[in-house]
Protein chains: 2
Amino acid sequence: MSDRPALLIMQRHLAPLTPFLESQWTVYRFWEGPPVEAQADIRALVVAGEFPLDKTLIEQLPALELIACFTSGYDGIDVDWCRARGLPVTHAPGVNHEDVADHAIGLILSARRRIAEGDRSLRTGGWTPDSKVITPSLKGQRLGVVGLGAIGQAIATRAEALRMAVSWWGPREKASDWPRAASLLDLARSSDILVVACKADENNRGLISPEIIEALGPQGLLVNVARGQLVDEAALIDALKSGRLGQAALDVYEDEPTDPARWADVPNTVLTPHTGGATTEAVQGMLGLLMQNLSAALAKQPLVTPVRD
Amino acid sequence: MSDRPALLIMQRHLAPLTPFLESQWTVYRFWEGPPVEAQADIRALVVAGEFPLDKTLIEQLPALELIACFTSGYDGIDVDWCRARGLPVTHAPGVNHEDVADHAIGLILSARRRIAEGDRSLRTGGWTPDSKVITPSLKGQRLGVVGLGAIGQAIATRAEALRMAVSWWGPREKASDWPRAASLLDLARSSDILVVACKADENNRGLISPEIIEALGPQGLLVNVARGQLVDEAALIDALKSGRLGQAALDVYEDEPTDPARWADVPNTVLTPHTGGATTEAVQGMLGLLMQNLSAALAKQPLVTPVRD
């Protein structure tokens with residue numbers, strides 16, 4: 001056993017963090033088998049915040065001092081429960097919200113201007129001398145932003161440069177340049193495009209309900225760059241198949257990776273594999289915060305970016 | 001024979017204009033066979049400006065009074081030659097430049113953030129628990145705009161909202177918010193993304209030469225929303241295959257429709273079927289100008305939007 005503090009990385013797609021973390025700590029990787037021999041030594045968990053974190057596991061780690069989320073979101077973690085055990089949670093806020101907003105704009109353009117579909121069609125011989133695809137202009141399209149946090153504001157700013165008319169809804173009033181709808185249902189009714197950009201927690205699961213999807217309607221486009229659990233995905237698929245919803249452009253899903261078979265016969269979709277916030281620059285920033293929070297916690301120093309709510 | 005003035009539509013993909021034009025005029029359609037019986041009656045040609053217009057045909061139409069371009073561009077028409085014959089040319093300026101700019105931004109996002117590729121990959125099972133696609137942030141990417149006309153300026157404005165650093169080049173200095181490079185080669189050398197947004201004519205065919213493509217380089221992205229003839233397409237394909245150019249995102253091609261086989265083994269491309277300016281709103285605006293110019297010419301009134309250069 002090393003005398004360096006021991007960490008446990010929980011999710012397999014975080015494996016690329018290993019060499020960076022090994023420069024200072026002893027690293028265990030959960031998917032290689034629970035580290036029974038190191039159970040008493042693990043002092044921090046490194047997690048992706050969108051995955052449910054197993055409380056039973058935490059209870060079996062007596063030396064645990066920190067839950068360190070690599071991500072900005074931490075919806076998979078019961079922060080109150082951790083707090084009650086004296087276990088702090090850190091995350092990586094303010095690093096990738098503009099990249100996520102860029103991705104949302106890319107999804108809107110790809111869906112409305114039929115870019116992903118045009119690319120597929122051209123490659124398979126769909127462009128002929130007498131075919132002409134006409135798409136809707138973005139000008140004047142009414143964009144409804146669900147959640148005007150850092151991501152939502154960055155989306156709204158970009159949408160204005162693209163001549164869209166922005167409004168928003170969130171549970172709390174806040175000062176902003178854009179009008180707040182009276183309710184989420186009102187926002188959906190008065191929007192051509194609805195972008196989900198809010199934080200997910202146990203209270204807003206299924207926020208984009210069948211009623212909201214119906215209100216967005218046959219010409220409407222639903223975009224989700226937040227969390228899959230915010231959308232009733234079965235209702236979404238049903239509405240797309242029947243034409244009661246026009247289009248969907250998704251970067252996040254109820255289960256990730258999502259099963260491609262689930263989408264095979266669902267029309268009018270653009271689907272990306274949760275890449276919205278994963279830019280080279282953002283990942284470097286998130287890694288930096290992760291390393292700083294781990295160093296601080298294990299040296300009993302103040303945490304750099306603790307979860308505050 | 002009708003006593004209404006006769007028009008001839010040249011390109012098959014303009015066929016949807018027929019019912020609108022037939023509301024006022026007798027309409028012939030070139031692809032249904034040259035209208036030999038109406039040769040002496042044709043008073044206007046309705047054309048898409050990107051296709052070469054046959055001078056021999058024009059010489060065989062003694063009653064011709066107008067070449068009416070449905071499009072903004074008119075690079076297929078020898079305007080000087082027409083002028084020398086006393087034959088005016090009209091087009092549809094200022095209608096779709098912002099839609100073309102939106103499309104250029106959509107192509108940049110789709111290429112850089114791998115949206116079209118991510119969509120293809122997800123649908124074919126490429127998203128697995130240990131895969132994680134990391135893409136470059138748009139933040140700080142240096143965007144070089146070739147041609148700072150209406151389209152180029154609209155692209156530049158949008159790029160700033162996406163945190164890119166804009167510069168440009170064109171043959172003539174003009175007042176603008178962005179620095180002009182000393183030459184096109186300098187612009188390519190100092191850009192991460194080069195967007196072709198200039199007018200095409202006989203003097204700038206192949207403007208994006210092998211040297212310019214090399215200067216943009218292995219990390220560079222070439223975007224073309226202007227005309228295919230502006231890019232040396234064979235050199236572009238060769239550079240993409242060998243990795244000397246990073247990516248290309250194209251809406252226009254040397255030949256249209258482009259042959260999909262030409263692109264089958266060319267990596268790192270996003271390809272759309274010349275849909276950049278073809279929005280519902282723009283097409284309505286272009287149709288309006290077309291009808292106004294036809295009415296004016298056939299009533300010997302001043303033209304609404306004649307080609308002026």
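A: Let's start at Ile155(B). Setting aside neighbours within four places in sequence, Ile155(B) is in contact with Ala101(B), Ala104(B), Ile105(B), Val145(B), Val195(B) and Ala197(B). Two residues are in contact here if their C-beta atoms, placed from the backbone, lie within 7 Å. Before going further: this is a predicted model, where local features need pLDDT of at least 70, side-chain atom pairs count only at pLDDT 80 or more, and totals for chains, interfaces and linings use all residues. Residues are numbered from 1 along each chain as its sequence is written, while chains are lettered from A and ligands numbered from 1 in the order in which they are written.

Ile155(B) belongs to the largest nonpolar core, which has 122 residues. Ile155(B) is also among those with the most contacts inside that core, along with Ile155(A), Val195(A), Val223(A), Val195(B), Val196(B) and Val223(B). A second, separate core has 38 residues, including Ile67(B), Cys69(B), Tyr74(B) and Cys82(B). A nonpolar core means a set of buried Ala, Val, Leu, Ile, Met, Phe, Trp, Tyr and Cys residues joined through C-beta atoms within 7 Å. A residue is buried if 20 or more other C-beta atoms (placed from the backbone) lie within 10 Å of its own, exposed if 12 or fewer, and partly exposed in between. In soluble globular proteins, nonpolar side chains tend to be buried together.

The contact takes 54 residues from chain A and 54 residues from chain B. On the chain A side, helix 4 (97–112), helix 5 (115–123), helix 6 (150–161), strand 11 (269–271) and helix 10 (280–298) each supply at least two residues. Helices (H or I, at least four residues) and strands (E, at least two) are DSSP runs, numbered from the N terminus. Helix 4 of chain A gives the most, with 9 residues. By type, this side of chain A divides into 24 nonpolar, 16 polar and 14 charged residues.

How do the two copies sit relative to each other? A rotation of 180 degrees, with 0.0 Å of shift along its axis, superposes chain A on chain B at an RMSD of 0.1 Å. The two copies are thus related as by a two-fold rotation axis. In chain A, Ala116(A) has the C-alpha nearest the axis, 2.4 Å from it. The same surface serves both copies, with 100% of the contact residues of chain A recurring in chain B. The superposition is by least squares on the C-alpha atoms of residues with pLDDT of at least 70 in both copies.

Ala116(A) is one of the buried residues in helix 5 of chain A; the others are Ile115(A), Glu117(A), Gly118(A), Asp119(A) and Leu122(A). These buried residues pack against helix 4 and strand 11 of chain A, together with helix 4 (97–112), helix 5 (115–123) and strand 11 (269–271) of chain B. After helix 5 of chain A comes Gly125(A), with a positive phi near 80 degrees.

Stepping back to the whole chain, there are 10 helices and 11 strands in chain A. Buried residues make up 49% of its 309 residues. The domain assignment of chain A gives domain 1 (6–95 + 280–298) and domain 2 (97–271); such bounds come from an automatic or database domain assignment. The centres of the two domains of chain A, taken over C-alpha atoms, are 32 Å apart. Between them, 5 residues of domain 1 of chain A are in contact with 7 residues of domain 2 of chain A.

Most residues other than glycine have a negative phi, and most peptide bonds are trans. The bond from Glu256(A) to Pro257(A) is cis, with omega near -10 degrees, and Pro257(A) is found in the loop between strand 10 (247–250) and strand 11 of chain A. In chain B, the Glu256(B) to Pro257(B) bond is cis with omega near -5 degrees. His274(A) isn't a glycine, yet has a positive phi of about 50 degrees. His274(A) lies in the loop between strand 11 and helix 10 of chain A, and counts as buried with 25 C-beta neighbours inside 10 Å.

Key: Ala, Val, Leu, Ile, Met, Phe, Trp, Tyr, Cys and Pro count as nonpolar, Asp, Glu, Lys and Arg as charged, and the others, Gly among them, as polar.
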